[in-house]
Amino acid sequence: MVAFAGHALPIHYATGVIKEHLHTRSAASLFDVSHMGQIRIRPDGTNLVDLCLALEHLVPIDVLGLATGRQRYGVLTDRDGGILDDFMLAKVPGELFMVVNGAQREADAAYLRDHLSGGCQIDTMFADRALLALQGPASETALTRLFPGARDMRFLDIRDATIAGAACLVTRSGYTGEDGFEISVPIGVAEGIAESLADMDEVRPAGLGARDTLRMEAGLCLYGSDIDETTTPVEAGISWAIPRVRRSGGDRCGGFPGAERILDEIDRGPGRLRIGIAPEGRAPMRAGAGIFHDAETPSPIGIVTSGGFGPSLGAPVSMGYVATSHSQPGTRFHVETRGRRLPAQVTALPFVQPRYRRA
Amino acid sequence: MKYTEEHEWLRQDGDLFTVGVTEYAAEALGDVVFVELPEPGQDVSKGDEIVVVESVKAASGIEAPFDGEIVDINAEVADNPALINDDPQGAAWLFRMKAKDGAAFDALLSEEDYQAFLRESGR
């Protein structure tokens, strides 16, 4: 167990990280991710269109164009173009539903309250709602037993569901690169629903260790490691989340914190980029390790921000930032780990291709 | 078999000492994915970090239990690091060394002392 943002969270269950990871990719795993912050934002004395436009002043994504019943990825940016947090945002009838990182959730709620002044009500559901992530190719089969509508959902759909008699919100999304669902449930029924799922033949519990190795293989950023206030969305390689309508020449171009820098980086290219790193040997290269042009040059050209072992690949995997000039897949460099420089090369992200249910 | 507070076990065979990590350590490390061993013939001093064991979770160094010389390493464990989880106190021995002063062995923890140490340190 590990203490995190006021929660006691398991790193792994009895079977260990590797078995949990592989089970997620072959069947289905249940993760308790209730430490994530669930936030409802409702228009109050105004309408949803105005609320969406107000939120667009804080984020570079298309909030207005998000269809009801759909979810998308986004970031909160600061004035320098850095990232205050990343989140999933969904539109449900009449309101917005946001899932933010556990460590940032209080700060995010305060920030939203300060900056979406008037015209909306912001409800943090930190104490009242649990969040269960059911991830893996057998997730649909498993969840359909509790919620038959699950099978009709596509990747990034959100639906109201009645599970165990309680009003729940289900999204078809996750943080593993696999098909799967996240289920927001009232805290009182969370344990019962989790047990019903975990008792199914396909499903086993999994902890934060497997969640981390799964997301690394899927090339997904961890806030606080791969992205933070010092990285822009363009450097992080997540500018796909910034649609044409918010870019230079778009109908709702800019207008979010850090827009000048971020749009300039989209147009002219960033100075550095997040890359996938494939160590040539078997030694894992972990967060904080320096990246060097060769075995001797004293000054680094980048830094590893996430790294460890990828169980599905059976090999070490890392992510980090390097100067754009060194970001082409196949570029070789050295990473300093425990005082020794070991060879590695840039590899395209993700390490493991996602298997989302897009159609 | 003797033990250290760094969760190593040692077995004496004449003037040679075989060293590995304890079942407790293997459990605490979790899935081991990488092991780096010293070179046979290498002279080592007590406290030198001579083995690196990396699990999915983290990297840990294993120290030389006393001054001496590495005479043999277990290449099988480098090829198959998961052996440390499967059989830490048997097949997954890490290295054999010759001690400069064999009496150092007697000063290590007995099985009983090691179990007491684990209990006292809340493990």
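Predicted model: local features only at pLDDT ≥ 70, side-chain atom pairs only at ≥ 80, totals over all residues.
**View 1. Two strands of chain B pair side by side in the antiparallel sense.** Strand S6, which covers residues 49-55 of chain B, is joined to S7(B) over 5 bridges.

**View 2. An open sheet of 3 strands in chain B.** The strands follow the order S4-S6-S7, and their pairing is antiparallel. Strand S4 (32-36) and strand S7 (59-63) form the edges, since each of them pairs on one side only. On average, neighbouring strands of this sheet are turned by 20° against each other when direction is ignored.

**View 3. The interface of chain A and chain B.** Here 14 residues of chain A are in contact with 15 residues of chain B, and the area buried between the two chains is about 1200 Å², with carbon and sulfur atoms giving 51% of it. Of the area that chain A buries against chain B, 48% comes from A:Arg282, A:Arg286 and A:Arg338, which is more than any other three residues supply.

**View 4. Salt bridges and polar contacts across the interface of chain A and chain B.** The rule finds 3 salt bridges across this interface, as well as 9 residue pairs in polar contact. A:Arg340 forms a salt bridge with B:Glu36, and their closest N and O atoms are 2.7 Å apart. On the side of chain A that touches chain B, helix H1 (residues 17-26) gives the most, with 3 residues, and the residues of that side divide into 6 nonpolar, 3 polar and 5 charged.

Terms used: Residues numbered from 1 in each chain as written. Chains lettered and ligands numbered in written order. Heavy atoms only, no water. Contact = heavy atoms within 4.5 Å. Buried area = accessible area lost by both parts, 1.4 Å probe. Salt bridge = Lys/Arg side-chain N within 4 Å of Asp/Glu carboxyl O. Polar contact = N/O pair within 3.5 Å; in protein donor to acceptor, adjacent residues only side chain to side chain. Helix = DSSP H or I, 4+ residues; strand = E, 2+ residues; numbered from the N terminus. Nonpolar A, V, L, I, M, F, W, Y, C, P; charged D, E, K, R; others polar. Pairing = 2+ DSSP bridges. Axes fitted to C-alpha atoms, helices over the stretch in contact; angles between N-to-C directions.
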